[in-house]
Structures are given as structure tokens and as C-alpha cells.
Amino acid sequence: MSAAAIGYEILLMRVLSIVQWHHFAYMIISLALLGYGASGTFIALLRTQLEQRFEIAFAVSALSFSVAMLVCFIVGQRVPFNALEIIWDWREFVHLSLIYVIFFVPFFFAACCIGLAFTCRRDDISRIYFFDLAGAGLGAVLIIVVLFAVFPQNAILVLVALAVVASALVGLASGARKSLATLQLAWLVFIVFGLPEQWLTLRLSEYKGLSQAMQVVDARTLSALSSPLGLLTVVDSPTVPFRHAPGLSLGTRHVPPEQLAVFTDGDSISAITRYDGNLDKLAYLDDVTAALPYRLLDSPRVLVLGAGAGTDVLLALRNGTSHVDAVELNPQMTELVRETYADFSGHLYEDPRVSVHTREARGFVMQTDGHYDLIQIGLLDSFGASGAGVQALNESYLYTVEGLQAYVERLEAGGILSITRWLKLPPRDGLKLFATAVEALRRAGVERPDQRLAMIRSWNTSTLLVKNGEFSAADIATIREFARARSLDTAYFPGIAASEANRFNLLEQASLHDGAVAFLGGDAEEFFRRYKFHIEPATDDQPYFFHFFKWASFREVIDLRKRGGAGLIEWGYLILVATLAQAVLAGLVLILMPLAHIKRTWPAGTGGPMGSYFFLLGLAFLFVEIAFIQKFILFLSHPLYSVAVVLSGFLVFAGIGSAMSARLTRRAPVTTVTAVIAAITLAYVFLLPVVFQRFIGLADTAKIAMSIVLIAPLAFCMGMPFPLGLKRLADRAPDFIPWAWGINGFASVLSAALATLMAIEFGFSVVLVTALLFYVGAAILIQQFNETAGD
């Protein structure tokens, strides 16, 4: 049951990444824990009846979980939720709440099974808790393996079958085994023979890039590949050919060759360009903003981070590169270019000048000993998603201060780092990227960062250049001429005059130029304060590069939302806040309010200390877990890998800690355990950044093993306080156990969204230190309870 439940959590995150724009990990974890909390309330209300029919209740709940997983998977996708409209249409909040409630249902039934085991077999609490957490840890690994083998919509069938097996196992010991067996068999027969395939089809938002592309005349899907790293869909139209050339000058005289569009998770687009070895047919690439660094370098050795379908590799070949190292995270993307469409792409990735590396960008840079004349980071996302602000919650370690420092360190003397971003209006990405680059150079000890930076823009992109050395007068003349000849705008170069900015693709204000001058002068803090968006540099501790929301501007943009101001809102951040609000409401309605009707028969002095104890444990455990999930994305390269490894590591070792808790704490009380947790947590605040920087270049298997080693001691200790608290209640106040379960569940429901919100605003270190304080508070409370109980 636990394996299926955690597998369903991770699967929903994967599905939401495809059908929406974000994995919504915080929301899925929150609603899953709401199910666990609500189940505690349900069991408390019907405890007498359920204890008498434990096996039947467990088997029915497990079968209901199996059915609900499939039904809610289908129904949840049919809720017409559109994040882009949430600011002006109140119905979208209703749709968001409806999704929350629908996906809560399966977890309620799964949690009923676990809660029934705790309540009806309380003499074996530590053992049950171990199998609960160990099963969940194994389930996290299982679903990742399954997602490599099948598409997400088919992976759910594996989880559905697991829940049926659990129902059958316990049902054998019940008095209604024949009736249960009939229902279980009927459900399995329907799944195998009667389930229409179209019911499982993923329903992407109509506003995602793939959905829009399929509206083009004669658009067709040529192929699709799936893995936990992304769903790749190749699309073309023989009638209306795709033309993907971000940053292309409006004055270009060249037309891109035939292209195939490759969408990742239905949105981020990369193009496989028809190439026959004739570089003259790629002349259009001379007129994109990303071509600028090639005018400043001669036969450069190039590193392309995020090679995708190969456009930036073609750009390098077009400009006479001596060699290209192309780094791409998803091996299936490389497979499309190298094998499936090798003839179409001209066997690009087989070119002797090109070496393809299947690695994560930061990890490759940290591991390689090579140095480059040019490191290029192209556009890895779609203009639509970037402009809509739906990426506000996406962690990106590619554009942090520490990331830019690492790239510059891998440049030869005089080498250039080139980063291209979409141009939103008013500007956001370009300003934040420039501020991040300034901070990276200053941290590296550069005295005159103003002499090492340049930025140009087109009508829809901006390209930042960071040089490992100062731009010469000849370089500056080249930048001026490159921009003038293509009607591109210069936003900054050393010695730029205000009149040289904002000349061709006119904006109401020359914000990029004004910001660059402020960041390099003494007015950076004032500019940050006055600007309508959050554009302070992103760091590894706060890697939310796409988070631009500012509460100070909220009232203003709300007033403008129906007059063209909707583009000023970062939707993702508002959805996080809305999720936290609905988590509070749902927790009160489904957990705490029903518990208030239970007769309180526990001894005086129990409710206050122990209620607060379990509340703080719920907050603390999830704060650490959420912070680790987000922090380990840097180390493990992908959100889904991080979720699976961190969850499995925490759950398995917390389960082991639970199983050994009674034996170990005969010598060491709960206060000692919480002190150890606090000490390890505090140590990791300083230790993890150092470890990640040192070992990020290792192979995935080695990094996964190292992650488990890092997680194990902390998780082992974190698995003890909860069962030890339940054991104290079982001895002194057994009637308070349902309340403890419910209060802990309520805190856990809040903590997933709250921890994410705190990480965005204050950083992971603050989240971990806050968790440390919660554990210290819990230790004080249980000591108070023990003293009241006379222990």
C-alpha cells in the first residue's frame, strides 16, 4: 500500500509536468498528507466499528484506493484549470481546489489502511511504521524504473495492481473473503480487458506549445519518446512548415531550412534542422543574437550547454568552430538526432568536430578539466511559458551566481560566456541575469566587472556576454557594427552612451540599459527596490531564477489586470499561495473540526504538550524533506530524480530508525534524539554546498549512492520521535492517538506549501534552520509531558 501511494504521488508530479507547466510537488505532497490526516479523523470517529472489522475495512480501503487512483487520474485531467487565467477569473481558484480535492481521495483510502494498522495493531507500531516507510521508499524507486519502461498513462496500471494485491492479501483473513475476491477479480478483469485506451490519454493544456502546434494545418505527430526526464514529441506539418529561430533579426534576408519541432513535456521546443553538410544553407544563423560571440572569436573551441536538437551546434559549425562539446541531459533527445532522424539532421552528432555528452550542465562543467573559448547556453524553455510566469516555482541552478562563476572558471583567457534568454515585457530575465553576472564577477574578485560585460537584444531575446578578460576597443566596435547591421539593440557594453540603447526594437523604457548601469554603479539596491519585479541575483540557496513576483507591486498589477496588465503577474507564485490557503482550509474542515466532536477522555496535561509536539514534528519533518528535495535537484540533475531519491532515502531510513527506536531510546531519551537531529541539520546547512560542488561531476549512480549516504543518518534519527511519541501516548493516553495522528497530518499538509514558500523568499538554509528550531521545541514539549506524567 505504501509503495503504491508514494508511486502515485510521484506519477502525479510527472503527469502535471506534462499537462500543466510545473510538477506541483508541494501541492501533491500536501494533498497526499491531507489524505493521511483526514484518515486519522475518520478512524477516530468510527474506531469501535473499524477495530471489530479490521481485515474487511483494510481490504475494502485498499480496493477503493486502487479504483480511486484510476478514476481520479482520469477525472482530474478533465478539470478545465488554466493557470494563465487565475488572476482575472475566480473560477480558476475553484478549479484548482477541485483538482486538490479529486487527487486527495485516493490518498485518503491509502491512508485509511495505514491508520487502521496503527490503531488496531498498536502493539506493533514501530514495526508497522518501518514497513510503511520502507514500502514507500521502495515505491519511489519502483515508479522511476517503470517510467523508463512505459509512458506515464500506462505506469498507473502497475500501481493499481499493487493496491489490488494488498487488498487480496488482507482480505484472505476476513470473513467476507469470497465477496472481496469477487470484487477484486472483477476490477482486475475490467483493467485488463475493459478499460478504453483513450480514457488514459494525457490531456495537455490547450495553451501549451504542443497543443498550439497541433492546430496548424496538417500538423502531425511523427514520434514520441518518454522517460522521467521528459516526454519528447516530434511534430511537423508538410503544409505549414515550422520555423524556429529565436532572436532572429527582423531584417534578415535568410529563411531557415525545413525543421522538425521537438516538444519536451508538451511545451519547451527544440528544432531538428534539415542539414546536408552545406553550411551556406544555415546563413540565417548569422542574424540571431546568439551569433555575436563568434564575431569576437576566431575558430573557437565551444561548449554548448543544453544542446537539445542541435541548433546551437549548427551555429558553432557555421562559424568555423574547431570543436564542439555538446552537453544534453536527456539521452532520448540525442537519440532522435543521432538515430531516428539522422538523415534529416545530416548525421550532425556524428560529425568529427562534435562530441555529445549525456550529462547535466553544471555537473559536466564541474567535472571537466577542459577550458573553452566559448561556453554557450541557449534557450531551454518556451517563450509562452516564460512570458506567462508559470515557471516561477521551477528551480534552475543553471542561472545562479555559483553557476556563472563555474562557467567563467572554465573559460580560456579572453574566452566568452554567452547566455540567451527570452525578452519579456517589461524586461525581467535579462535584468536578473545581468545582476547575477555582476555578482558572480565580484565574488570572483574582479575589480572592474563593467569592462567584462556586454548585452544585446532583438525583439524577443537578449544575449549576455561575460568575458574572461576586458573587452577591447576592437571588440566594442564589432559589437556596435554587429547590432547596427542587423537592427539589433545594444543594451550594454563598456562605455555605452544612453543614446546607443533602444534604437531599433523600441521599448517604452530602456530598462535593460538602465538596470545594467545601476548594477555596475552604486544604485543597484535602489533599482532593485523600485523595479516592479524581483530581479535580485539567484543563488544556489535560492535558485528560483524565474521568480519575479513582488508583493509590493501586487495591488498595482491587480488594478491593471483587465487593462493589459495580466502579463505582469507571476502565476506560479500565486498558485503556491492559493495552495497553502486551501491546505489550511481543507485541513481544518477534514481533520481538526471533525476531531473536535470526539469525547476527550485523556488525562489532564496531555492535549497541550502532545498536540504541539506532533504539530511541530509534522512541520519539521516535511520542512527538512522539502528543502532536501529542492536542494538535491542541483546534485541529481532533475526534479523527479530528486523527489524519488530523497523520498526513498528519508522514508527507508526513517523506517529503520522507527523500528529501532524503542531499543535505542532505552539508553537515549527523545530529547537526545532531537538534539542529534538538530546537530546534523545545522551541519548540513554548511556541508551540503561544499559536497555538491566537489562531487557534482560524478556519474548518476555514484551521486545517487552518495545522496543516500548523506540522507541516511539524518533520516534514521528523524524516524524516531513520531513512534516514540505514539508509544508514550499508548502507555499514558491511548485515546489521544487519533488526535496526534490528525494534528501531525494537519501540520504536514501545511508544511509542503509553506516550506516551498519560505525557500523562495528566504532560501533553503532558513528552511532547514527553522526545522531545527521545531525539533528543539518538540523535545522541550515531550519533556514537559513526561514530567507531568510523573516519569
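Okay, let's start with Thr579, which touches Tyr26, Met27, Leu96, Tyr100 and Ala753, leaving out residues up to four places away in sequence; contact here means heavy atoms within 4.5 Å. Thr579 lies in helix H21, residues 571–595. Helices (H or I, at least four residues) and strands (E, at least two) are DSSP runs, numbered from the N terminus. Thr579 has a relative accessible area of 0%, so Thr579 is buried. The cut-offs: buried is under 20% relative accessible area, exposed is over 50%, and partly exposed is in between, with a 1.4 Å probe and protein chains only.

Quick housekeeping. This is a predicted model, where local features need pLDDT of at least 70, side-chain atom pairs count only at pLDDT 80 or more, and totals for chains, interfaces and linings use all residues. Residues are numbered from 1 along each chain as its sequence is written, and side-chain values use heavy atoms, with hydrogens and water left out.

Now, aromatics. The structure holds 31 aromatic pairs. Rings of Phe, Tyr and Trp (its six-membered ring) pair if their centres lie within 6.5 Å; planes under 30 degrees apart count as stacked, over 60 as edge-to-face, and the rest as tilted. One of them is Tyr399 with Phe546, edge-to-face at 6.2 Å centre to centre and 85° between the planes. Tyr399 sits in the loop between helix H14 (383–388) and H15, and Phe546 in the loop between helix H19 (524–530) and helix H20 (554–565), so this pair ties together parts that are 147 residues apart in sequence. Both Tyr399 and Phe546 are buried.

Then there's Phe632 with Phe692: ring centres 5.0 Å apart and planes at 80°, so that pair is edge-to-face too. Phe632 is in helix H22 (residues 607–636) and Phe692 in helix H24 (residues 670–695), 60 residues apart, so here again distant parts of the chain are linked. Phe632 and Phe692 are both buried.

There's also an aromatic cluster, formed by Phe434, Tyr492, Phe519, Phe527, Phe528, Tyr531 and Phe533.

On to helix packing. Helix H15 (residues 401–409) and helix H16 (residues 429–443) pack at about 65°, with axes 8 Å apart. Axes are lines fitted to C-alpha atoms, for helices over the stretch in contact, and angles run from 0 to 180 degrees between N-to-C directions. Who makes the contact? From H15, Val401, Glu402, Leu404 and Gln405; from H16, Leu433, Thr436, Ala437, Glu439, Ala440 and Arg443.

Most residues other than glycine have a negative phi, and most peptide bonds are trans. The bond from Leu425 to Pro426, though, is cis, with omega near -10°, and Pro426 is in the loop between strand E9 (411–422) and H16. Asp265 has a positive phi, near 55°, in the loop between strand E3 (259–264) and strand E4 (268–273). Asp265 is buried, with a relative accessible area of 13%. Ser487 also has phi near 55°, in the loop between helix H17 (473–485) and strand E12 (489–492), but Ser487 is partly exposed at 33%.
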